Amino acid sequence: MGKSTGFLEYGRMDNAGQEPLERIKTYREFHTPLDMEERKKQAARCMDCGVPFCQSGKPLIGGMAAGCPLNNLCPEWNDLIYKDNMEGAVKRLLLTNSFPEFTARVCPALCEKSCTCGLHGDPVTVKENEYAIIEYAFENGLIKPQIPAVRTDKKIAVIGSGPAGLAAAQRLNRRGHNVTVFEREDRIGGLLMYGIPNMKLEKNIIDRRVKLMEEEGVVFRTNADVGNNISADEIKSRFDAVILCCGSSNPRNIQAPGRDANGIYYALDFLKATTKSLTNSNLSDGYYISAKYKNVIVIGGGDTGNDCVGTSIRHGCKSVVQLEMMPKLPDSRAEDNPWPEWPKVCKTDYGQEEAIAVFGRDPRIYQTTVKQFIKNESGNICAVETIKLQPVKDDASGRIRMEEIQGSEQILPADLVLIAAGFLGSESYITNAFGVKTDGRTNVLTDSPEKYQTSEEKIFTAGDMHRGQSLVVWAIREGREAAKAVDEYLMGYSNLR
């Protein structure tokens, strides 16, 4: 490495974030990047560690993956940042990652969780270093359209424009194939556009990349709902190969008495409506589900639940509570969760930080679920009855299940309930339209997790639709790998790495 003692000389310094009470006034990203001199110091903390777990992305201990699924060459571009060779860092970053501008904003940084520096101290700021590289590249004209010199006569349809679909389309187009991306929404981006709030990913960042891909030759068709307003047979007859990248968009419901009350929504519908209205009119059109002056209950303790908390606070909610079925995770690694595994520890995210700043308390209530939704005479939600849960070990299987604690019921006021309980898999109308087989979780079946061709001739799949609900970084990996599989199918070989 450029500075072999950097990890001893420099402490970790993160990009500064706006204070919660300030940042909730807008829907903008709220971190300020470090200057380049400080960034070089942060890059210098990367050790010559011998085995860089940060870039492995493979199951290591007990089947748990460690490191980056894209196998990003983190030590190499950290070294290049320190040596002030930003152009070299850009080239090494783009060698493995199709869209660093997305992962540098929304990825939970699996690389950092496996960083050797993190074994006995603070890991390297890999994610923020990645951000510095890609934004330097855009600002200095290093990201230019890569238009293939030669075109094949092969036509490929990509159904869905989320991270998996975009990654597949980018690689196949640069290979020289003719790629058309079909998106059922009015804007390109899939989950990136309407599933992730602007505070984490401003939409001009997506538009910037889409414009670049259009210049490279990718054709985008919006409001094109294949399986509904466009038939699957038409797609199969017009294209030599099809990649289904429609996501895991089937939301998990909460089946409790009173579920039919007005004012209960799926989290993604809530987030999508806000983003669409914000993008169209800065919320002035009123076409969104408002949390203003309302007592909000968010069901689900994951990232999407946190996004609902942050968005509700920006709307001006009266209160917000986030229900989590599982016990609170420990504040530091448990003995049975060693490095370099993903640390199963309690994380207080931006939305929860903002709730603490506004309401004086963490919005999360652990080991709690909904017993019934209570509605008023008009049929509107007015309260939620909850019940506490306790972990119980099943004697037969040895697994832990959550059991209700009788007598622990509680009534919480609620004017708006948002269900953020995860997703069950692909939507049946699209899988049925193409006739592909699915597994018990409705994920599209392939011969193995590393294969991308479905049960149907010339139909491939990638992303959450293939592996189930997962991370953007995994979706990009799957899109890239599916592109290679399609290229081999069409050409008999592939020079895609």
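In this predicted model, helix 3 touches helix 4 through R39, K40, A43 and A44.

**How the two helices cross**
- Helix 3 spans residues 36–44, and helix 4 spans residues 74–82.
- The two pack at an angle of about 140°, and their axes lie 8 Å apart.
- That angle makes helix 3 oblique to helix 4.
- Their crossing is left-handed.

**Salt bridges in general**
- Side chains of opposite charge can pair when their charged atoms come close.
- The structure holds 37 salt bridges.
- One network of salt bridges links E185, D186, R187, K272 and K276.

**R23 with E353**
- R23 and E353 form a salt bridge, with the closest N and O atoms 2.8 Å apart.
- R23 lies in helix 2 (residues 20–23) and E353 in helix 15 (residues 350–359), so the pair ties together parts that are 330 residues apart in sequence.
- R23 is buried, at 4% relative accessibility, whereas E353 is partly exposed, at 34%.

**K25 with E22**
- A salt bridge joins the side chains of K25 and E22, at 2.9 Å from N to O.
- K25 counts as exposed because its relative accessibility is 59%.
- E22 is partly exposed, at 42% relative accessible area.

**D79 with K83**
- D79 and K83 form a salt bridge, and their closest N and O atoms are 3.1 Å apart.
- D79 is buried, at 15% relative accessible area.
- K83 is exposed, at 51%.

Terms used. Residues are numbered from 1 along each chain as its sequence is written. This is a predicted model: local features need pLDDT of at least 70, side-chain atom pairs count only at pLDDT 80 or more; totals for chains, interfaces and linings use all residues. Side-chain values use heavy atoms; hydrogens and water are left out. Axes are lines fitted to C-alpha atoms, for helices over the stretch in contact, and angles run from 0 to 180 degrees between N-to-C directions. Helices (H or I, at least four residues) and strands (E, at least two) are DSSP runs, numbered from the N terminus. Angles under 35 degrees count as roughly parallel, over 145 as roughly antiparallel, 65 to 115 as roughly perpendicular and the rest as oblique. A crossing is left-handed if the near helix is turned anticlockwise from the far one by less than a right angle, and right-handed if clockwise. Contact means heavy atoms within 4.5 Å. A salt bridge is a side-chain nitrogen of Lys or Arg within 4 Å of a carboxyl oxygen of Asp or Glu. Buried means under 20% relative accessible area, exposed over 50%, partly exposed in between (1.4 Å probe, protein chains only).
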